[in-house]
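Thanks for asking me to look over this one with you. Below are a few friendly notes to read alongside the structure.

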Amino acid sequence: MSISGGSLSTNKGDRLKARGAAALADARVAAEVTVILVGLIWLVQLFNAVDGYRLDGEYGIVARSVSDLPHIVTAPFLHANLQHIESNTPPLALLTFLAALGGIRRFVYATVVIIGVGGIGTWLFSPSNTDTVGASGLIFGLLGYVVVRGLFARSVWQAVWQIAVGVAVFVYYQWTLVLLYPSATVSAMHISWQGHLSGLLAGILAAVMAWRRRKRLGAEWQPA
């Protein structure tokens with residue numbers, strides 16, 4: 001039995017075309033998810049602004065208030081003002097798109113872990129009587145998830161693109177590290193470093209948990 005060189009070249013070309021088509025499909029779906037999430041947050045912002053930002057007080061995370069614990073789900077969709085949501089929109093859109101490239105089920109799973117675990121951390125460690133709102137915790141969570149997930153890739157190709165993206169994102173956002181610990185600047189800007197740090201750690205945890213549950217989240221640990 002013999003295989004001609006032409007057949008091998010054709011098969012390789014077909015595989016490359018299939019991979020390219022799959023990558024484009026993944027990018028399209030990731031873009032759709034990004035538009036939906038960012039659009040939802042802006043829709044909530046519009047309603048909240050018209051209502052005088054009453055939702056911030058009613059559905060924000062008040063530290064260690066048992067009745068406000070369920071608000072860890074709603075707080076990421078609320079913002080204090082227009083400047084707040086404008087500053088959060090670009091990194092949220094970019095990181096949502098990059099995280100969703102790894103598969104929608106994994107993205108949803110990671111987002112749930114980040115909002116849940118990061119929100120509980122914010123609720124536990126924020127100063128008493130503070131009301132925390134904003135997507136920053138989710139943003140830092142997605143940052144941690146995107147940076148770390150490549151370490152658990154099952155193939156060289158997955159590891160290369162995921163780690164490359166993770167390194168690029170980390171380098172680009174390294175300036176935000178100052179927002180992860182208490183400082184005079186953070187205090188003056190009324191920034192919740194507790195929410196940022198909790199979100200980042202939750203994102204790293206989400207990457208590890210998604211890897212451990214890779215069989216449930218998909219047959220292979222690769223882009224859908």
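1. A word on terms before we start: a pocket here is an open set of grid points with protein on both sides within 12 Å along at least five of seven lines, and its lining residues have an atom within 4 Å of a point. Please keep in mind that this is a predicted model.

2. Let us begin with the overall layout. Of the 224 residues in the protein chain, 43% are buried.

3. Next, the largest pocket. Its volume is about 1,100 Å³. The lining consists of 49 residues, and those nearest the centre of the pocket are His84, Ser136, Ile191, Ser192 and His196. Which elements each supply at least two residues of this lining? They are the helices α3, α4 (104–125), α5 (136–149), α7 (184–188) and α8 (193–212), together with the strand β2 (131–132).

4. Sorted by class, the residues around the largest pocket include 24 nonpolar and 23 polar ones, with two charged residues besides.

5. How many cavities of 30 Å³ or more does the structure hold? There is one, and the volume of the largest cavity is about 40 Å³. Lining this cavity are Val38, Ile41, Trp42, His79, Ile85, Asn88, Thr89, Leu92 and Ala135. Two or more of these residues come from each of α1 (5–50) and α3 (82–100), and α3 gives the largest share, with four residues. By class, the cavity lining has six nonpolar and three polar residues, and no charged ones.

6. Finally, the surface. Leu151, Ile163, Val167, Phe170, Val171 and Leu177 together make a nonpolar patch of about 530 Å². One of these residues, Phe170, sits in helix α6 (residues 156–172).

How values were computed:
Residues are numbered from 1 along each chain as its sequence is written. This is a predicted model: local features need pLDDT of at least 70, side-chain atom pairs count only at pLDDT 80 or more; totals for chains, interfaces and linings use all residues. Side-chain values use heavy atoms; hydrogens and water are left out. Patches are made of residues with over 30% relative accessible area and no salt bridge: like charges are joined within 9 Å, nonpolar side chains (Val, Leu, Ile, Met, Phe, Trp, Tyr) within 5 Å. Accessible areas come from the Shrake-Rupley method with a 1.4 Å probe; for residues, only the protein chains shown count as cover. A salt bridge is a side-chain nitrogen of Lys or Arg within 4 Å of a carboxyl oxygen of Asp or Glu. On a 1 Å grid over the protein atoms alone, a cavity is a set of points where a 1.4 Å probe fits but cannot get out, and a pocket is an open set with protein on both sides within 12 Å along at least five of seven lines; lining residues have an atom within 4 Å of a point. Grid points are joined across faces, edges and corners, and a volume is the space filled by probe spheres set on the points. Ala, Val, Leu, Ile, Met, Phe, Trp, Tyr, Cys and Pro count as nonpolar, Asp, Glu, Lys and Arg as charged, and the others, Gly among them, as polar. Buried means under 20% relative accessible area, exposed over 50%, partly exposed in between (1.4 Å probe, protein chains only).
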